[in-house]
Structures are given as C-alpha cells and as structure tokens.
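Please open the model in your viewer and keep the selection tool at hand. The tour below moves from one selection to the next and says what is to be found at each stop.

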Amino acid sequence: MNLSRRELLTTFLGAPLALAACRESPRRFPDGDIVGQSAELGHILRENRTFQVPADNWETKRVAIIGGGIAGLSAAWQLRRDGVDDFVVLELEKEAGGTSSSTQGPIVGYPWAAHYLPVPFKENVDLISLLNEMSLLDGVDVNGEPVGKEQFLCREPEERVFFKGRWYEGLYLHAGESDEDKRQYAEFQRLVDIWVNWRDAAGKRAFVVPVEQCSTDVEFTQLDKITFADWLSQNGLTSERLHWYCDYACRDDYGLKVDQTSAWAGLFYFCSRVRKSGVESQPFLTVPEGNGQFVNHFLTKVGDKVRRSQMVVSVVPTENGVEVITLRNGELRGIRCKDLIYAAPIFTAPYIIRGFQNDAPFNAAAFQHNAWFVANLQLKDRPKPRFAKDFPLAWDNVIYESPSLGYVTATHQKGIDYGPTVLTYYYPMCHDPVGRTTLFNYDWKQLTDVCLSDLSRAHTDIYELTTRIDIMRWGHAMISPRPNFIHSGIRERAIKPYRNIHFAHTDLGGIALFEEAFYHGLRAADVILVGDRG
Amino acid sequence: MRRPSLLFLNVIIIATCGLIYELLAATVSSYVLGDSVTQFSLIIGVYLSAMGVGSYLSRFIDKDIAERFIEIELAVAIIGGLSAPLLFLSFAYLSYFGIVLYTLVFIVGTLVGLEIPLLMRILKDKLDFKELVSRVLALDYAGALVASLLFPIFLVPRLGLNRTSLVFGILNAGVGIWATWLLEPMIPTRKLTLLRVKGFIVVVILAIGLIKADSLTTLAEDGLFVDNVIYAKSSEYQRIVVTKGKVGYSLFLNGNLQFNSFDEYRYHEALVHPGFAAFNGDAKRVLILGGGDGLAAREVLKYKTVEQVQLVDLDPAMTQVAYSVPALGELNKHAFEDPRVQVTNTDAFVWLDNVSTEPFDVVIIDFPDPNNFALGKLYTTRFYNLLKQKLKPDSAVVIQTTSPLIARQSFWCVMKTLEASGYTVKPFQTSVPSFGIWGYALAKLQPFDTPTKPPENVELRFLNNETFASLFEFPSDTSKPDFDLEINRLDNQALVRYYETEWRRFEQ
Ligand SMILES: Cc1cc2nc3c(=O)[nH]c(=O)nc-3n(C[C@H](O)[C@H](O)[C@H](O)COP(=O)(O)OP(=O)(O)OC[C@H]3O[C@@H](n4cnc5c(N)ncnc54)[C@H](O)[C@@H]3O)c2cc1C
C-alpha cells in the first residue's frame, strides 16, 4: 500500500483499519462518479461582483422563493393551498430537492441524504394533512394519533450493528454487556423518561418537533450550554457502549460527535419522538427513495412553478419589495417581487443579500454547517452472510467500529429480498476539524476506496458485488447544533422577517430535519398570506 | 545420499508449504469468524509455538531419520492439504470449530517443526556445521517470503482457499516422494517402496479433493441425510436436496424437509381441497403461491373446471427439479406440462405488489415456514391485504401455517393476522406422519360456513366424507391459546420471533 493510501484510510477510518486494509487493496474499482452539487455559486459570490440585469430581462411576481429544498417547496405548497399563484421557486441545481434529493433507479429509488420521517404527533396538523394528501396514513388510533400505513412503516428488521465479526439486532449493542452497562443503560432511559413526561407551566413539552414548540424554561435551555458528552458524565454515565450509542445518535442526526453536540440537542434526539414514557418512539415512515418522496409529491403540486438551474446571485431589498437576480448560462435575469422567501442555507445570506452586512439583524456565520459524503452503491447481489445464524440484512446497518454510519438498504421497504439492490452509505466528516476542506481534497476513487474498505470489514465480498458507486459530497450538509447555538437567541432573530425577506430553512430550527424545513416553509408562507389579508 | 544440494530445494518448499497452511488457517478463521487481527495473531502464535514443540520432539527420533523425515512430510501434505476444506466443513457442521482449528494448526506446526531439525541431521555429515546452518536457515526464511508473496497476490484471488490448500498438499507430497530418490541410499529398499506407495495414496486423495472441490459440500450433506442423496443443487436462493430412501423420495430445502413421497398426499390434499369445498360454484382461476414442487398444482388440476392455474414460486431451480428428477415429475403428474399452468418465478410479495391480474376463485398458499424475515413478510397483514386485490368476495384461500402442536403461538398468530386483515378464518389441522400435526387456514373475505365434505367427483386418497369435518376440530393442546397474541405486521415481524422461540426448543 502506498503512503497516500494509508494516509487516506487513516484519515477516514482510523489507523487499525488502515493497517488491516493493506492486505486487501481493491483489486478492481467499480464504475461511478462524483455527482451533484455545483461549486460554481461559491466562486461567483466570492468574487463579489455587481450584477447588471438588462432592462428587458425583468419580470414581476408576487412572491419569489429561493431554494427548492423541502423548506422552499413546502412554502410553495402552502401558498398554492391558500390560492396564491403568482410565485416562482428558484433552484440552483438541475433538480429540486436539496438534501432530500433522490434518484429513481431501475429496481428502486434511492436517497442522496434524508431517508425517513417519524410519524408526527397528532398536534402537528399541517404535517398530518400533507401525509394524508400523500395517502401515507391509515387514519387515527383510539387516542386520535395518526397511524402510518403498514407498507410505509419501516419494516423489521429495522437496524443491526456489526461488532467483532458478527451482526446483532438493534443499534444499542446488548451482546457482552456487563451488569454496570445494563444499570447505566436503564439509568439513561430513566432520565430520558423524565424529560419525556415533563411539562412546563404553560403545558409545553421539554422536547418536541418542531423546535419552536419546545419549552423555553431555563431548566432546559441551560442544557444547551454544555455538550452531550458532558451531560453524560455529569450523570455518571460512563459505559463505553452507552457512550457509543449516544455518539452514534449525534453523528447520525446532526453530523457531530457526542462531545461536539449540545446536550439539549442530544436529549432532543431521544425525547422528542416519544409520546410518553414507556411507549415506543414514533415509528418511521420510509420508502426506497427516502424523503425524495416528499420532494416528488411537492413537485406534482407546484412543479410548474419551479425553475431549475437558477442561481440566485443577488437579492436587493427595495422601497416596496425585493429584487432577485438569477444567473443561468451566463445570462442575468431579474424578478421584482413584493415578498421573498429565503429557503437557501442561512449562512449564504450576507453573500447574496445586498446590504445585509451593514445592518445585519443576526450573525449569519453562526449558522454553521458540517460536511458529509454519501455514496450510493449498486450491488448485483446481496452480501453473503458469514455464517448461517448471523443477523440478516436490515434497513439500517451500522458498523460499531467505524466512523461512518454504515448503510441503508433501498430495497428493504419494498420486500425485495433477493438479487440486486442499492446501499446508501453515509459518512459525516465530524472527526476532522476542517472536514469540508479535507472532503474536497479527495476524489471519487479515494472516497470509493474509503467506502469499500470500510464495508469490507463486514462484507468481504463487497468488491465483487459492487458494480457502481456514485458519491455526493455535501459541503454544507446539516446545520450543527453545537453548544450555545440553539438557545442563544440567534434563531429567534433570524426567524423575524428582514425587510421583505422571510427566512425559511431547516437551519432556523437549529437542527436538520424534514419537520423543521416544513414548519419554517409554511410559517414563512403564512406570514406573507396574513400580510396580504391584513 | 544423492546430490545434497537438491535437498536444499526441499527446505524451501517445506518452508513455503508450512507458511501457506498457516496463512490458510488464519484466513479461513478470519473469514468465518471475522476479527482478522485476533485470528491472525492467535494462529501465528499457536503455529510458531507448535514448531518449537516439533523441534524439541525431534530429539526423540533416533533411528531411520530419512524414513521418518519422508513420513512426516507426507503427513504434513495430507493434513495441511486438507486443512482448508476441513475447516470450512467443520465450521458448517460442528459447534466446536475453535478446537478443530487450533488442533489442526498445532498438528501442522508440530510436524513442520520436526522437519527442519531432521533434515539438518540428515545433512550434517555432508557439510560442515557453519555451512549447514547458514544454508538451511537462509532457505527456510526465503521459503516463507515466497509463500507470503504468493498467497495474497496469486493464490487467494486465483485459486481460492480450498484449492490453494489442496494444491500445496500435492506439492508437499510430491516433494516427499522425490525425496525417496534423493535419500535412497539411506533407506532400505523394501521401505522405500512402501514410502512411495504412501506418497502416491496421499497425492491421489488430494487430487480427488481438487477435482471434487465443488462437490465437497455435497459430500458433507451425505453424512447429514439418512437416505441417499440423489439430487443436490445450490440455487440462488436455497440448497435443494432430494433423497431416496426405503419408503420414497424426500425433498429438503436448506436442510428442512418439504415432503416425503410416502405421505405428501395427506399434506397436499388437505392444502388444496378444503379451498375448493369452500368456494361456491366451479372454480376456474386458481392461484398457487409457493408450491414449486408442483404437488399442490397436481391436486388443483384434478378439477376439470379449472381453466387457469397461475403458480408463483421464487426459485426457478425448484420448478426444474421435477424435470431433473423424473420420479418427482411422476409424483406431480407432470403438472408443469399442463397447458393450464403458468409458472412465474419471482417473490410472491413483490408479485402481489406489482402485477395486476383478474381475480382468482381459489388461492393456495404453500410457503416455507416463517423462519426468517424474508419469509415472515409473506404472512403479514400487508401481504394478506395485497392478496385481497386478487380476490372476489367469494374466493377461498388456503394457507399452510406450520404445526399448531410444535409452534402453537405461531399458528394462532397467523390466524389472528388474517382476521386483522379482514378475513373470516377457519383454522384446521391434520396429521402428516413425516411432519407431525400440521395446520392450515381456510379463509374468505366474507363470513362462510365451514365445509363439511370434500368436493365430489375428485379422486382422493386421504380426505373422505366421514372425517372431513373433523379437520376443523382442535384438541386442547393445539387450540387457541387464551392469552393475547400479536398481529404479524411488516413493522414488527412478530411471527418470525414466535416461530424462532418455538422451534428452537426442538433443535439440538
Ligand atoms: C446526509 C443527510 C441525511 C439526512 N437525513 C435526514 C432524515 O433521514 N430525515 C430528516 O428529516 N432529515 C434528514 N436530513 C436533513 C434534511 O436536511 C432536511 O430534512 C431537509 O431536507 C432540509 O431542507 P431545506 O429545504 O431546509 O434545506 P436544503 O435541503 O439545504 O435546501 C436548500 C435548497 O436551496 C438551494 N439553493 C441554495 N443556494 C441557492 C441559491 N443561491 N440559488 C438558488 N437555490 C439555492 C439548494 O440547492 C437546495 O436545493 C438529512 C440531511 C443530510 C445532509
């Protein structure tokens, strides 16, 4: 193994694996490409140009929406539901969807990032109406809680974890637990249950989706000042496997390690999806293409309003509205609108909104994102179990000793249990202080090597089975709920309109979730609609 | 002794083979057990220490050194040569794989450890000590290098583990035989011949192993099945084995008995005819899900009114068995050659989800028991709901639902699942000697009376008017448990868990 390969594998997978992998350098690379995100926008914005739109390239709209991710599409969906038709969605990429994008393959679709949504609580009426519109629900149970249709509820076996040569059911590793591990796990559950059941004076829950509806009682908000790792040790929770479990949860939901995540966010993960103590957390709705199903649904409703490959390069607030300038194939066009919904990542605001820097209502740079890469592996067949009684392929398959998050099996939910499949492999760059830079320093071949070397710990036949790997490098994947962000007051300021610009992005929740994007999309649309009526 | 220098070639080959066996053991064990760091370091440790033991033991060999040397070389050849296949087989069938593994590594290590000291003693009179030690040890280490380079670059990718093992065994034995010529002056002629015969036998055994490397699995199966294996095939989905015994043919899938020709008619008559009895009128369109052996189809085709039989079975290899084993073709009365039968090879779940057809009058469901999640989905509310799209209000469905005696909860879990999916269900059971007490569900989308007689004008060996009604009676030990059972859904797979616990009690 040459030095740079060892360096690569050490960077991504750690020294022990890099050493072990020496023996098994890939005999053959599958086909594949780096896909997705255009880097052009960043370059253009950094040049800090002024944009002169030719006079007859202007048009007028009631509302313009920047960004065709979940937030932008949700806003569009809401506007149309309320009878507003004079709007346009401007999307930078060739396809809408943002971090909920997916691709339709010959056997099944597969996601490029977001892949599931927990069934909401009954209070989340707007989301329930979307799910009903999509026929994902089967009415309500005796308590009036929505019930997912069986074919969309994540099929068992849901998760398995690979540890020392074997797969085990579930995510928390029970095999080989000591009595102390068990005690700590029970203690952790007990603490979680306390927060699950807790209500503040106004009857608000401590942790609930969306974040806007959580209690702001200092008892909780102070949890945002420490890391989740600190919280665990303050509570005497030192068990290695419990620590791993919490670390996994943080990496999976936030792209951060347990010692980088705010304790508030860590607990949010465990508490916000549990109705009351003793009941299971809300089941997941999923389909092969993941949350791409919502994008596709929105497109059936508002697809005619979505303009793709439209890079918004400048937003100019004016006396009676906003001017939006887009660049496409070197051509500048302008839209004059009364209101603008800004559903692109928040950190971009100062680069795009003219004058934002001078009287900044909030520090946009505080909205920090982390980097991920996601690989879709086309397999001609399933990996063979090492022995007959090993726990079988699940929906989510996690490798205990890996800094990656393992992979999700696209065919699982469809009951397609034999033959070709697609695995979606997730890798958050949280082990690296300059993760984004590191990620973009490596090319397709190197990232493919990382992915296959990692998976070959559990599947020795992965090299033979994989026919193609496409890799998405998400430079700005998820907002990072590090300590002192969610409850620092900055989100509240960003949620308020800036002149006629209404921000709407999952960033505003402080965590990257479908429900947050949806909530803020609808909220921004509603503010505009209320303004129209009043 | 002839040409001592040629004996040095022996050293390099012994060293190469020795290290190959060691690498093989480590690779096989990390392949099947995982955790390669541990496996490699343990195997290397055990092997090296065993070599030490061998070297020590060499002092106890005083006489006939040349002869012993060759015998040891042949022993290494046969044990080392068979080591990889032996390890694979013992992993598949023995629970104490670790013991076999380390014993094998220890034996090979000890034997290899014996060889070098003996060889040095054979050569000691030909060379001075300085020369001897330097040449033998240098070649020994060079051999190790050859092995460690060949192994990952050429042997594993090109030959695979089993063949590498066998090929090196043969090489090893070949060198042993060759040594009988090199050391001829040191061995009495009579013993020489004997040694050559032994060497020849070792080579033959290993060569047979090499030719049959693929059928080694079958070899292992012969020991597992009581009767003679007359057909064995690993399809994409399962291992299919047909055996022939005194009372008839048996078909096994992954080692689980599917039927014995001696009493399968009991099982298949009970699977098919209650459905026809419950359908009002003449059944024309019939759907069979599973049942790739064609035996359910045979029963269905007894009805002259049936115009179309759609059979959906996952495995094309299953429907082929009837052609490959003529006795089975006869047993299903060549059902697949009947123009009324159409066979589709796909997963029934995916088929129900994706293919739209006219509804069927009678549906026969004959899947393997729900012993894994891929099979468990075929017994869920989702599956039975998908099935509804293929039914008319009056259609009758019969489902095999495992043994209500051995797996009582599993059996009643399926009944509850059917009810939860909106079916009216009449559970029934019968006795099939090869299986024991076996259970079924007769179900319809509307309430119906339990049929009391089998349909008229069909030739039956088992069912008759007198006893038909008693199929639907359950003695106390198989009746519905009085505690609550879960409904089997895709998102809980409760049935697989019931089934696992209940059948595990019967595994050794
Ligand atoms: C790897 C990964 C896994 C995830 N998994 C899940 C999951 O399982 N469940 C879940 O609920 N959430 C998950 N998420 C979170 C996911 O981000 C949210 O669910 C949701 O998709 C966010 O939508 P959004 O519209 O707020 O933001 P984005 O998806 O970031 O959408 C912003 C859109 O704006 C466009 N844009 C940006 N700048 C411009 C510009 N100048 N001009 C025009 N357009 C522009 C972008 O191209 C993009 O389409 C995951 C995220 C990642 C990265």
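## First stop: A:Phe207

Select A:Phe207 and, leaving aside its neighbours within four places in sequence, show what it is in contact with, contact meaning heavy atoms within 4.5 Å: the partners are A:Trp195, A:Cys214, A:Phe220, A:Leu223, A:Trp264, A:Leu267, A:Phe268, A:Cys271 and A:Ser272. Before going further, note that this is a predicted model, in which local features need pLDDT of at least 70 and side-chain atom pairs count only at pLDDT 80 or more, while totals for chains, interfaces and linings use all residues. Residues are numbered from 1 along each chain as its sequence is written, chains are lettered from A and ligands numbered from 1 in the order in which they are written, and side-chain values use heavy atoms, with hydrogens and water left out.

A:Phe207 lies in the loop between α6 and α7 of chain A, where helices (H or I, at least four residues) and strands (E, at least two) are DSSP runs, numbered from the N terminus. With a relative accessible area of 1%, A:Phe207 is buried; on the scale used here, buried means under 20% relative accessible area, exposed over 50%, and partly exposed in between (1.4 Å probe, protein chains only).

## Helices α6 and α9 of chain A

Next select residues 179–197 and 240–254 of chain A, which are helices α6 and α9. How are these two helices set against each other? They pack at an angle of about 40°, with their axes 8 Å apart; the axes are lines fitted to C-alpha atoms, for helices over the stretch in contact, and angles run from 0 to 180 degrees between N-to-C directions. α6(A) and α9(A) are therefore oblique to each other, given that angles under 35 degrees count as roughly parallel, over 145 as roughly antiparallel, 65 to 115 as roughly perpendicular and the rest as oblique.

To see the contact itself, show the side chains of A:Asp181, A:Gln184, A:Tyr185 and A:Phe188 in α6(A), which meet A:Glu240, A:Arg241, A:Leu242, A:Tyr245 and A:Cys246 in α9(A). These residues divide into 5 nonpolar, 1 polar and 3 charged, where Ala, Val, Leu, Ile, Met, Phe, Trp, Tyr, Cys and Pro count as nonpolar, Asp, Glu, Lys and Arg as charged, and the others, Gly among them, as polar.

Stay with α9(A), which is mostly covered, 13 of its 15 residues being buried. Just after α9(A), select A:Gly255, which takes a positive phi of about 70°.

Move to residues 292–302 of chain A, helix α11, in which 8 of the 11 residues are buried; among them are A:Phe294, A:His297 and A:Phe298. Then go to helix α14 (residues 444–455) of chain A, where 10 of the 12 residues are buried, so the helix is largely enclosed by the rest of the structure. The buried residues of α14(A) include A:Trp444, A:Asp449 and A:Cys451.

## Backbone details in the loops

Select A:Pro157 in the loop between β8 (146–148) and β9 (159–163) of chain A; the peptide bond that joins A:Glu156 and A:Pro157 is cis, with omega about -5°.

A:Ser135, in the loop between α5 (125–133) and β7 (137–140) of chain A, has a positive phi of about 55° although it is not a glycine, and it is partly exposed, with a relative accessible area of 39%. In chain B, select B:Thr402 in the loop between β9 (391–400) and α15 (408–420): its phi is near 60°, a positive value in a residue other than glycine, and B:Thr402 is buried, with a relative accessible area of 2%.

## Last stop: where the chains meet

Finally, show both chains together: the contact takes 29 residues from chain B and 22 residues from chain A. The area buried between them is about 2,300 Å², of which carbon and sulfur atoms give 53%; buried area is the accessible area (1.4 Å probe) that two parts lose on being put together, summed over both. On the chain B side, select B:Phe373, B:Leu490 and B:Asp491, which lose the most area to chain A, together 22% of what that side buries.

Conventions:
The expected span of a helix is 1.5 Å times one less than its number of residues.
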